[in-house]
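Here is a briefing on the model shown below.

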Amino acid sequence: MKKLLALALSVGALFAFEYATAKKETVNITRDYVANVYSPKQVMVATRLMGYIKSMPVEEGDVVKKGQVLFEVDPADIYSMLNQARGAVLQAKSGVLMAEMAYADALKDYERFKNLYKNGAVSKRDFEKMTLMKNIRKKQVDMAKGMLKQAEAGLARAEAQLKYAKVTSPIDGVVTMKMKKVAEMALPGYPVVILSDIHVLKAKSTVKESDIDKFKVGMPVNIYVPALKKTFPAKVSTIIPAGDNMTHSFVIKYTFENHQGLLPGMYAKAKVVVGKQEAVVVPFSALTTRAGIVGVFVNDNGVARFVPVKQVGQVGDNIAVTGLEGGEEVILYPPANLEDGQKIEEQ
């Protein structure tokens, strides 16, 4: 019975561990820089009216569609202008009607005097006076119609102003800032809401002057967005040559190959390759800690040896480390009770 138990334990130990060979490679050394996603195309939305903001159904961070209502200005003053304009149109129409009636009477008198003048019943002077009166009445009709056009134009302007009471989004975007609140006064030309175009997005970082030489326009970088747990390929598009005099830092801008899913204001990390280094690559599953020290267990002729390592980068699903020579057989998924010097069976 004891022999069977010992044999079972031996077989279990034989398959207790998985191994991988540590490989020596030249790996990229990357450095992370804090970045944020932004839209280079911003729209400052203002009103053409002066008035108190009646409603504002959007909040900062809301994604809006083109044509969606952003805010509404109280149109009380516009209604007053509209009523005045309508009254002016009615008055002008009445003036046109009166002028046309007066012209019709003058035209009848002219025709009658014209026949009388042909028959010698009235003098030439009286006929000329009647002709002049007809022409004056015709000019009065033209003037009345001109005044009607002006009144109708005023009404059209007032109606257009009423349309401006509801301000809609000119683009598909995201609300990045609200400059006014409900019940505050909106003034023509002064922005109330600032929108960012979500179809054109970039990222930017602020880096120290000691790191500026690590960036070149066109160099590839990876932008990692923690909120989405996703990495976006990008390139350095702009290096602003003027630094901040106080912080001695420079702004680097990145252009995405594809920014689907990103929104302006998202926090990100720009992972930039700053050099190359000889290192040993092991699977991530080989890393473990003992007494707070990061390392791997190496199979040393059937004995587990704990070797402290230092991580220098990530290569796909593997980790580049220093502290190993390369060629070692490392234990994958080492159990928590595995100790340095413990005997193991070789696979």
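**Sheets, helix and surface**

An open sheet of 4 strands runs in the order β7-β6-β4-β9, with antiparallel pairing. β7 (166-168) and β9 stand at its edges with a single partner strand each, so one side of each has no neighbour in the sheet. Strands here are DSSP runs of E with at least two residues, helices are runs of H or I with at least four, and both are numbered from the N terminus. Two strands pair if DSSP finds at least two bridges between them.

This is a predicted model: local features need pLDDT of at least 70, side-chain atom pairs count only at pLDDT 80 or more, and totals for chains, interfaces and linings use all residues. Residues are numbered from 1 along each chain as its sequence is written, and side-chain values use heavy atoms, without hydrogens and water.

**Sheet pairings**
- Strand β4 (residues 51-55) pairs with β9 in the antiparallel sense over 2 bridges.
- Gly51 has Ala186 in β9 as its bridge partner.
- Another open sheet has 4 strands in the order β3-β10-β8-β5, and its pairing is antiparallel.
- Its edge strands are β3 (42-46) and β5 (63-64), each pairing on one side only.
- β5 and strand β8 (residues 173-178) run antiparallel and are joined by 2 bridges.
- The bridge partner of Val64 in β8 is Gly173.

**Helix α3**
- Helix α3 (residues 124-163) has 40 residues.
- From first C-alpha to last, α3 reaches 59 Å, close to the expected 58 Å; the expected span is 1.5 Å times one less than the number of residues.
- Its buried residues include Phe127, Met130, Val141, Leu148 and Leu155.
- Buried means under 20% relative accessible area, exposed over 50%, and partly exposed in between (1.4 Å probe, protein chains only).
- α2 (76-118) is among the elements that cover the buried residues of α3.
- An α-helix has 3.6 residues a turn, so residues three or four places apart point the same way.

**Tyr190**
- Tyr190 sits in the loop between β9 (185-186) and β10 (191-197).
- Tyr190 counts as exposed because its relative accessibility is 54%.

**Val303**
- Val303 lies in strand β18 (residues 303-308).
- Val303 counts as buried because its relative accessibility is 16%.
- Leaving out residues up to four places away in sequence, Val303 touches Val298, Gly341, Gln342, Lys343 and Ile344; contact means heavy atoms within 4.5 Å.
- Val303 and Val167 are 136 residues apart along the chain, and their C-alpha atoms are separated by 75 Å.
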